[in-house]
Amino acid sequence: MKIVHIVEALAGGVHTYLHDLSHFFGQEQINKNIQTTIIYSSNREQVDTDRIKKEFSKNVLLIELNMQREIAPLQDLKAIFKLRQILLEIQPDVIHLHSSKAGILGRLANFLSFRKTKIFYSPHGYYFLRNDISKLKQQLFKAIEKNFQTIFGGTTIACGDTEYAIAKTLGKSALIRNGINVTQIATIQKTEKNNQLTIGIVGRVTTQRNPIQFNKIAELFHNYTFIWIGGGELELELTAPNIKITGWFIDRELALKAMANLDVYLQTSLWEGLPIAVLEAMALQKPVVATNIIGNKDVVIPGKTGFLFDDISELKNYFEILEAEKTRHKIGENGLERCQDLFDSTKNFSQLLALYRK
């Protein structure tokens, strides 16, 4: 069996997902029967081609292709015909498209190759659910999603339960939750003793992560330490004196070690698919306090693995509860158990393999 993955947005959680996927499908017992190819774009600033080649499984073929994040008719047309050429050379049995741009380009390229191929599509968070775009854009992109699936077919693979509920309204769909290497991550231990409650987030400092709200929370709770593990174009929004910005770690394990030293993980996202960083925090036994949005609410069970909030006025009570180390420990244990049950990448990639073979 030949499987081709196409992704434009190889960054953040999607990067982690495909990195782990490459190692699952690159295992000798799977690789001897399945040839896996990942076609990706390096146009995004945070995509490091050398790092990808070093960190992804050597048993997976990597092909770099110029794809634009935004709508760019001429460049998009070039990408479609280049994709068509690659697909005709590989002759895949399965094409799996990741995120909305690849979902469009990949379907068109496959259609123009005039071959019957199984098509799967993972939105990793529907673009039309973003709340930093106009209502008109939301409606337009929702119509594109629905019409492309109606015209070109295929199965949408939702990464979380709420995304699955939405996917079912647009066409044929299946639920295979995002997962992480729970066993490996859970071995990382806390190495620092914090003098005051230390609360942090991991990720790029972008609009999606809502650094303005993160900064307001830090200003409101000036007796706690806040850490942003990462960096990005909106770092200037993080002005509170009790916020530390680590900058980017070249090695992902170093970022996980920094996360292990937090007391509480705070996710201030405005929108999500199903956040990998939250899963990693839970595997590290961190209580999670997160915005009450799609994705976050599919992971966090209020009162058991953390708390969800709609307004920052709710946080005083939650942080006071989490000041107790015993409480944090119990909630952390619950989070790890939930990850082991539902968000283990080995289990979930096995489900994906079974779907490919079906």
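In α6, the buried residues are Q138, F141, E145, F148 and Q149. The model is predicted. Seen down the axis of α6, these buried residues fall within an arc of 105°, so they line one face of the helix. An α-helix has 3.6 residues a turn, so residues three or four places apart point the same way.

The other side of α6 carries exposed residues. They are K135, L136, Q139, T150 and I151.

## Helix α6: length, partners and end

Helix α6 covers residues 135-152, 18 residues in total. From first C-alpha to last, α6 reaches 26 Å. That is close to the 26 Å expected at 1.5 Å a residue.

What do the buried residues of α6 pack against? Two helices are among the partners: α5 (100-112) and α7 (161-170). Two strands take part as well, β5 (118-122) and β6 (155-158). After α6 comes G153. The phi of G153 is positive, near 75°.

H124 is not a glycine, yet its phi is positive, about 55°. H124 sits in the loop between β5 and α6. Is H124 buried or exposed? Its relative accessibility is 16%, and buried means under 20%. H124 therefore counts as buried.

N210 is another residue other than glycine with a positive phi, near 60°. N210 belongs to the loop between β8 (198-202) and α9 (211-220). The relative accessibility of N210 is 14%, so N210 counts as buried.

## Packing of α11 on α14

Helix α11 spans residues 276-283, and helix α14 spans residues 325-342. The two pack at an angle of about 120°. Their axes lie 7 Å apart. Angles of 65 to 115 degrees count as roughly perpendicular, and those over 145 as roughly antiparallel. At about 120°, α11 and α14 are therefore oblique to each other.

Which residues meet where α11 packs on α14? From α11 come L279, M282 and A283. From α14 come G332, G335, L336, R338 and C339. By type, the residues of this contact divide into five nonpolar, two polar and one charged.

How values were computed. Residues numbered from 1 in each chain as written. Predicted model: local features only at pLDDT ≥ 70, side-chain atom pairs only at ≥ 80, totals over all residues. Heavy atoms only, no water. Axes fitted to C-alpha atoms, helices over the stretch in contact; angles between N-to-C directions. Helix = DSSP H or I, 4+ residues; strand = E, 2+ residues; numbered from the N terminus. Parallel < 35°, antiparallel > 145°, perpendicular 65-115°, else oblique. Contact = heavy atoms within 4.5 Å. Nonpolar A, V, L, I, M, F, W, Y, C, P; charged D, E, K, R; others polar. Expected span 1.5 Å × (residues − 1). Buried < 20%, exposed > 50% of the residue type's maximum accessible area, 1.4 Å probe, protein only. Arc of directions from axis to C-beta.
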